[in-house]
Amino acid sequence: MTEARAELQRRYARCIDEGDHTGVLGPDVRSLCDRLLYDLLGHTARANEDPEAASDTALVLLVGSVHWIRHQLTGDGRDMLVAIVLLGHIHRMAPDFLDAETRERVLGGDNARYASPEGQAELGTMLLRLFAGGEDPAMLMLSLIQWGNLTAGAGVDHPEAAKWYALYSIAWQECFTVTRRSFALRCSIRLQQVAVDRTPDDDPRRIDRVLYLIRSHLGYGEEMGETEALDEAVTLSRTLDPQHTVEIPPFLRGIGTRQLSAYESTADPAGLPLSAHAFRAALSFGSVTPQDKVVCLGNLSCALRALAEHMDDRAMAEEAVAAARAAVEACREPLSGLAMCLANTSAALVVLSTLAEDDQLLPEAVDLAERGVTALGPEDDSGFCQNVLATALHRLGAVTNDAAALKRASAALRCGASADGSFRRHASLEARLCTAWVQLGHAAANQDDESSQEAVKEAIGLTRGVIARGDDFPLDDEWARLGAQLLKIFQRMRTPGLLDTAIELFRKIVEQNQEQDLVATTRINLATALSMQGTVEREGERIAEAARILVEVASWAAVHKRDLFLSVVNNLAVTAGELAAHGSAKRAEKVALTLLDEAMAALPAGTPYRVVNLVRLGLALRHRQDGVAKDDPRLPGIVVREL
């Protein structure tokens with residue numbers, strides 16, 4: 001803006017001082033002036049001062065003067081319009097800036113009619129029409145200036161004040177559309193409120209102005225995430241006859257639906273409170289249709305259920321259950337959506353059972369989900385309903401160690417994925433199912449039950465199926481946690497194929513994901529699995545690969561995640577010792593020390609943790625070499641240098 005302003009100032013000075021009129025002619029000068037006005041519009045929309053206040057008097061004078069000269073040279077009507085508005089603004093706000101001769105030529109004669117309130121209103125309306133469609137933002141800035149001058153000069157007691165404030169409000173609404181600045185929307189609301197207040201109750205235009213104000217509050221509430229704005233809109237609606245507010249509940253439902261959809265696509269819960277508030281507000285209207293009531297109750301339950309999970313809020317989960325039950329009760333023939341209502345109730349009960357630590361709710365959740373699947377119609381989300389059934393069965397099977405329930409959950413999950421044509425929506429649940437099988441196997445092993453191996457094999461089979469399927473979406477942290485569970489169960493049960501499955505799973509997660517923290521922790525688990533496999537099979541190459549992975553993770557963690565670095569180095573020390581024990585002793589020691597030296601380079605010399613691990617490694621390596629006693633004081637050269 002500074003460069004454009006300086007360029008226009010130079011051209012104007014050259015025109016005045018040297019008579020070089022070419023400097024202010026041409027489309028490039030108009031574009032320059034329009035850009036300055038547009039920047040001024042953005043500045044005004046960002047301001048916190050009174051909207052009628054002049055933002056930059058000197059700039060307004062410069063642009064107005066250039067347009068007046070252009071009008072004199074070409075007779076262009078648009079140039080005259082811009083000059084009248086801008087120089088008229090200067091005359092009213094800062095009269096000392098405008099010399100008497102210019103004032104008379106620009107604002108006198110035929111243009112004097114624009115000095116009256118009625119003339120200013122005519123000019124402001126003309127500018128709004130010229131801006132219509134947003135093709136000429138400069139006209140919007142001029143409109144704001146013009147309406148600001150008019151309302152400031154005429155005041156709220158003028159007979160036409162309500163109309164003028166309403167039009168001024170529309171101009172600020174358009175300003176918000178162009179700039180997306182909340183200040184502009186607040187100005188629009190404040191001015192429309194003045195218009196409503198100045199409109200008599202028996203004026204037929206009052207209803208339209210109140211409705212415009214209601215929509216403005218709703219728009220502001222959605223844009224800024226403010227529930228108070230929705231409350232203000234509802235309060236204003238109560239002042240009108242219900243026949244005039246039939247459009248408000250659908251408007252509110254739309255706000256709630258958009259916020260809920262945003263959460264479902266991004267997992268960001270920021271819009272959930274506004275979503276729930278919007279659905280509650282829509283339900284408060286007596287004009288809401290029976291079908292819309294079912295939809296709003298169901299969506300309200302979804303929003304509350306998601307909020308309850310994110311906030312660990314039992315009371316909110318109870319409200320979600322109540323809303324879902326109300327939806328089921330309201331969904332009578334011939335209304336549609338019963339299957340979704342039953343599924344929502346089941347899902348809410350599962351969340352409540354977790355937060356309330358009440359497993360007695362799970363059988364009802366399973367029953368409702370099964371009824372929902374049975375009631376599925378062509379318009380229902382079959383994938384969602386099957387997923388809810390699988391979730392309820394998984395939770396029931398997990399808390400009761402019921403293998404039959406887990407198998408039924410797997411079947412429901414496959415049905416849901418088949419209905420969706422993808423496992424994307426079901427991936428996390430599939431991981432939790434595998435984990436439940438592992439935990440079932442662990443529990444059975446504690447009781448020396450032969451079914452333990454069968455349960456673990458079920459988990460291995462499911463996991464291998466996921467790996468072989470090659471889904472086009474990354475496996476998430478649920479799968480990484482499952483892999484860690486597989487490593488733990490291997491230490492207990494040594495089930496054939498378990499380590500191979502864990503290693504393949506970890507490689508798949510690393511290959512698919514871009515999230516660095518997840519990749520780092522997964523690679524650590526991969527190294528652990530490789531090291532375990534190398535130890536079991538007495539295969540040094542597996543352990544060497546584990547060591548190389550840990551060095552790479554250590555190098556990354558030293559820069560990006562210091563709290564992870566120390567544990568990686570500790571793992572590396574242990575892995576390097578195992579490498580020395582399961583390979584050529586001389587070569588293994590050299591490789592281990594080289595790898596550790598690379599990792600240690602990232603820590604400052606003299607760091608106690610570094611010294612401790614180096615000494616531990618040195619003793620471990622020396623102890624593993626033939627003919628060296630456990631307490632031999634000799635240490636590898638790297639340890640000596642460190643000390």
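**H12 and H13.** I started with the handedness here: H12 passes H13 in a left-handed crossing (left-handed if the near helix is turned anticlockwise from the far one by less than a right angle, right-handed if clockwise). This is a predicted model, where local features need pLDDT of at least 70, side-chain atom pairs count only at pLDDT 80 or more, and totals for chains, interfaces and linings use all residues. Residues are numbered from 1 along each chain as its sequence is written, and side-chain values use heavy atoms, with hydrogens and water left out.

I noted the axes of H12 (residues 248–266) and H13 (residues 272–283) coming within 8 Å and crossing at roughly 155 degrees. Helices are DSSP runs of H or I with at least four residues, numbered from the N terminus; axes are lines fitted to C-alpha atoms over the stretch in contact, with angles from 0 to 180 degrees between N-to-C directions. So H12 and H13 go down as roughly antiparallel (over 145 degrees; under 35 would be roughly parallel, 65 to 115 roughly perpendicular and the rest oblique). On the H12 side I listed contact residues (heavy atoms within 4.5 Å) including Leu252, Ile255 and Tyr263, and on the H13 side Leu274, Ala278 and Phe279 are among them. By class, this contact has 11 nonpolar, four polar and one charged residues (Ala, Val, Leu, Ile, Met, Phe, Trp, Tyr, Cys and Pro are nonpolar, Asp, Glu, Lys and Arg charged, the others, Gly among them, polar).

**H8 and H10.** Next I looked up H8 (residues 161–179) and H10 (residues 205–224), whose axes come within 12 Å and cross at roughly 25 degrees. That makes H8 and H10 roughly parallel. Their crossing is left-handed. Among the contact residues I found Lys163, Ile170 and Phe176 of H8, with Arg209, Tyr212 and Glu223 from H10.

**Leu355.** I found Leu355 in helix H16 (residues 338–355). At 23% relative accessibility, Leu355 is partly exposed (between buried, under 20%, and exposed, over 50%, with a 1.4 Å probe and protein chains only). Beyond four places in sequence, Leu355 touches Ala308, Asp312, Asp313, Arg314 and Ala317. Ala317 is 38 residues away along the chain, yet the C-alpha atoms are separated by 7.9 Å.

**Glu364.** I placed Glu364 in helix H17 (residues 362–374). Glu364 is partly exposed at 31% relative accessible area. Leaving aside neighbours within four places, I get contacts from Glu364 to Arg325 and Leu349.

Key:
Helix = DSSP H or I, 4+ residues; strand = E, 2+ residues; numbered from the N terminus.
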